[in-house]
Amino acid sequence: MPSLKTLQAFADTVESNDHVGAIRNFYSADARTQENDGEWRVGREALAAREAAVLAAVAGVKTTRLGPLLLDGDHSAICWRFEFTAKDGKVRSMEEVAWQTWRGEELVEERFFYDPQQMAR
């Protein structure tokens with residue numbers, strides 16, 4: 001079970017837009033993530049590389065936490081808003097809920113739930 005201090009540090013790192021750092025500093029080596037009902041992605045280094053590629057494809061991102069951190073035992077949930085600025089200047093935003101499972105102070109599983117149509121607007 002993570003401490004609330006660890007969960008807050010994770011959220012602060014993400015909200016500072018250091019998404020790759022959040023993966024490298026808080027995910028376990030064998031962590032896995034899933035978007036909606038998509039394929040699982042496995043391994044901290046692979047997850048960090050994918051996140052870096054996503055961020056390289058845009059001019060910038062602004063991350064905002066939309067409520068309190070929810071923590072219950074080994075599980076936590078965070079609601080986020082991401083505003084992506086494309087290289088052409090167009091801004092798109094999306095909101096998602098991240099459902100997390102922790103092993104001690106390390107994040108071992110994170111599932112993201114969102115409406116993919118948000119990015120089409």
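How many positive and how many negative side chains does the protein chain have, and how far apart do the centres of the two sets lie? The protein chain carries 15 positive and 20 negative side chains, with the centres of the two sets 5 Å apart. In this count Lys and Arg are positive and Asp and Glu are negative, while His and the chain ends are not counted. The place of a charge is taken as NZ of Lys, CZ of Arg, CG of Asp or CD of Glu.

The structure is a predicted model, in which local features need pLDDT of at least 70 and side-chain atom pairs count only at pLDDT 80 or more, whereas totals for chains, interfaces and linings use all residues. Residues are numbered from 1 along each chain as its sequence is written, and side-chain values use heavy atoms, with hydrogens and water left out.

The secondary structure of the protein chain consists of 3 helices and 7 strands. Helices (H or I, at least four residues) and strands (E, at least two) are DSSP runs, numbered from the N terminus. Read from the N terminus, the order of the elements is α-α-β-β-α-β-β-β-β-β. The radius of gyration of the protein chain is 14 Å, close to the 14 Å that the globule rule gives for 121 residues, so the chain is as compact as a globular protein of that length. Here the radius of gyration is taken over C-alpha atoms, and the globule rule is 2.2 Å times the number of residues to the power 0.38. Along the principal axes, the C-alpha atoms fill a box of roughly 40 × 30 × 25 Å.

Of the 121 residues in the protein chain, 36% are buried. Buried means under 20% relative accessible area, exposed over 50%, and partly exposed in between (1.4 Å probe, protein chains only). The protein chain exposes about 6600 Å², and carbon and sulfur atoms supply 52% of this area. Accessible areas come from the Shrake-Rupley method with a 1.4 Å probe; for residues, only the protein chains shown count as cover. Helix H2 (residues 19–26) is mostly covered, with 6 of its 8 residues buried. The buried residues of H2 are His 19, Val 20, Gly 21, Ala 22, Ile 23 and Phe 26.

Strand E5 (residues 75–85) pairs with strand E6 (residues 91–103) in the antiparallel sense over 11 bridges. Two strands pair if DSSP finds at least two bridges between them. Ala 77 stands opposite Trp 99 in E6. E5 and E6 form a hairpin with 5 residues between them, and Gly 89 in the turn has a positive phi of about 95°. E6 also pairs with strand E7 (residues 106–114), in the antiparallel sense over 8 bridges. The bridge partner of Thr 101 is Glu 109 in E7. The hairpin of E6 and E7 has 2 residues between the strands, and Gly 104 takes a positive phi near 65°.

Among contacts with a separation of 6 or more, 50% are between residues 24 or more positions apart. Glu 106 is found in strand E7 and counts as partly exposed, at 35% relative accessibility. Leaving aside neighbours within four places in sequence, Glu 106 is in contact with Phe 26, Tyr 27, Ser 28, Arg 44 and Thr 101. Gly 60 lies in strand E3 (residues 60–65). With the neighbours within four places left aside, Gly 60 is in contact with Glu 83, Phe 84 and Thr 85.

Key: Contact means heavy atoms within 4.5 Å.
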